[in-house]
Amino acid sequence: MTDLKAKKYAPVYFLQGEETFYIDLIADFIEAHVLNEAEKGFNQVVVYGKDVTMATILTHARRFPMMAERQVVIVKEAQDIQDLGKDIGGKLLLDYLGKQVPTTVLVFCHKHKSLDKRKEVGKKIDQLAVTINSKKLYDNQLPEFVSEYVKDKKIPIEDRAIQAICEFVGNDLHRLANEIDKLVISLQPGESITADKVMNQVGVSKEYNIFELQKAIVTRDTLLATKIVNYFESNTKKNPSIPVVAYLFSFFSKLLMASSATDKSEKGLVSELKVSPYAVRDYTSALRIYPMPKIMDNISSLREADLKLKGVNTGAANEGQILRELVWRLMN
C-alpha cells in the first residue's frame, strides 16, 4: 500500500489467501487510483474468474494502453478461473510472468485459498509477481488490527471497547471494519469509542450479554448469572442458547489448556491460548476458582447441553430450562 500510494506500480499482483480483507483493500485501491476517470473508460478492465480463461485474461493484459501511460486489468474471484488449476492455464500464466507487459497492471484476486505449492505456478509466483498470502488472524491479533484501523481514522478508543468489538464480532475483518466505520460515523466531534457505544452499535445489552454471563460464571456470581439467564429465557429467539453454549465451550476448552500450561503468566497464556491480552484476565481469574477436574466436568456438561438443545435426549425441558440447568451445573 505504501508503494501504491507513492504511485510505484508493479506489472503483476497476485493476491491470495483465506482472509479477503487485504485482497479487497489492495485491489480496490488499484481500481480507484491507478487511472484517472478519463483514462478508465478505455484502459481499465474488470473480469470475474468464472467467466474467463487464462488466455482471455492475458489477451487483455497484452494490449497497449490508449491515450494513457498504462492500463489496469483486474481479475476478481481468480480462484474460479476455468483453467488456472490445469497445466495449460498454469503454463500460459508462467509464460506471461516471464515476459510481463510493463504498461499493464494485472491484478489477480484469488480468494479463500492459496495456489497449490506442488504445482509450478504455486512454487514460482512469489518470485515472478508482487504477492500477498493473507491468512485469517488469530483472536489475539484482532486488538492490534482494531487499534491500528481506528488510529488511521484519528479517533480515540478505550481498551475495553477494543476488547468488546473483538469479542462481539470475531475475526471477520470486513465486518470488524464495517462496525468500526459505523461507530465513527455516529460519533460527535471530539468523542471517543467506548465499550458502551460498541455494545449499543452491535445490539447487545450492556448488562445482560454472553460476555457478562461468562464473567458471572467465572466469579461464581450466582445472582448476576440468574438475572442474565432470566433475560435470555424471556426471549430465546433474540438470545438463542446454542451460541451461548458454543461460546462457553470454547472458554472452558481454552481454560483446560491454560490449566496445564507451563507458563501461567498473562504473557504466557496469551501465547498459549492465542487470545488477546484483554481477554486473558478472565482465564487467570478462572484458574484460581476452577480446578482441572471441575473444568473437565464443565466441558462434559456443555457437550450434554449442546446435544439437548439440538434435540437429543431433551425430554420435557425447553431451551430456557436447559440453559438454566447448565449454568447451575457450571457454577456448582
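These legends describe close-up views of a predicted model. Local features need pLDDT of at least 70 and side-chain atom pairs pLDDT 80 or more, while totals for chains, interfaces and linings use all residues. Residues are numbered from 1 along each chain as its sequence is written, and side-chain values use heavy atoms, without hydrogens and water.

**View 1. The largest pocket and its lining.** The largest pocket holds about 480 Å³ of space. A pocket is an open set of points on a 1 Å grid over the protein atoms alone, where a 1.4 Å probe fits, with protein on both sides within 12 Å along at least five of seven lines. Its volume is the space filled by probe spheres set on the points. The lining has 25 residues, each with an atom within 4 Å of a point. Gln-163, Glu-167, Phe-211, Tyr-247 and Ala-279 lie nearest the centre. Helix α8 (159-169) is among the elements that supply at least two lining residues, and α8 gives the most, six. Helices are DSSP runs (H or I, at least four residues) and strands are E runs of at least two, numbered from the N terminus. Twelve lining residues are nonpolar, six polar and seven charged. Here Ala, Val, Leu, Ile, Met, Phe, Trp, Tyr, Cys and Pro count as nonpolar, Asp, Glu, Lys and Arg as charged, and the others, Gly among them, as polar.

**View 2. A nonpolar surface patch.** Phe-42, Met-66 and Met-67 form the patch. Together they have about 380 Å² of accessible area, by the Shrake-Rupley method with a 1.4 Å probe. Patch residues have over 30% relative accessible area and no salt bridge, and nonpolar side chains are joined within 5 Å. Met-66 sits in the loop between α4 (54-61) and β3 (71-76). Met-66 is partly exposed at 44% (buried is under 20%, exposed over 50%, partly exposed in between).

**View 3. A salt bridge between Lys-153 and Asp-181.** The N to O distance is 3.3 Å. A salt bridge puts a side-chain nitrogen of Lys or Arg within 4 Å of a carboxyl oxygen of Asp or Glu. Lys-153 lies in the loop between α7 (142-152) and α8, and Asp-181 in helix α9 (residues 173-186), so the pair ties together parts 28 residues apart in sequence. Lys-153 is partly exposed at 34%. Asp-181 is also partly exposed, at 24%.

View 4. Glu-179 is buried at 6%, whereas Arg-175 is partly exposed at 36%.

Conventions:
Patch = residues over 30% accessible without salt bridge, like charges linked within 9 Å, V, L, I, M, F, W, Y side chains within 5 Å. Buried < 20%, exposed > 50% of the residue type's maximum accessible area, 1.4 Å probe, protein only.
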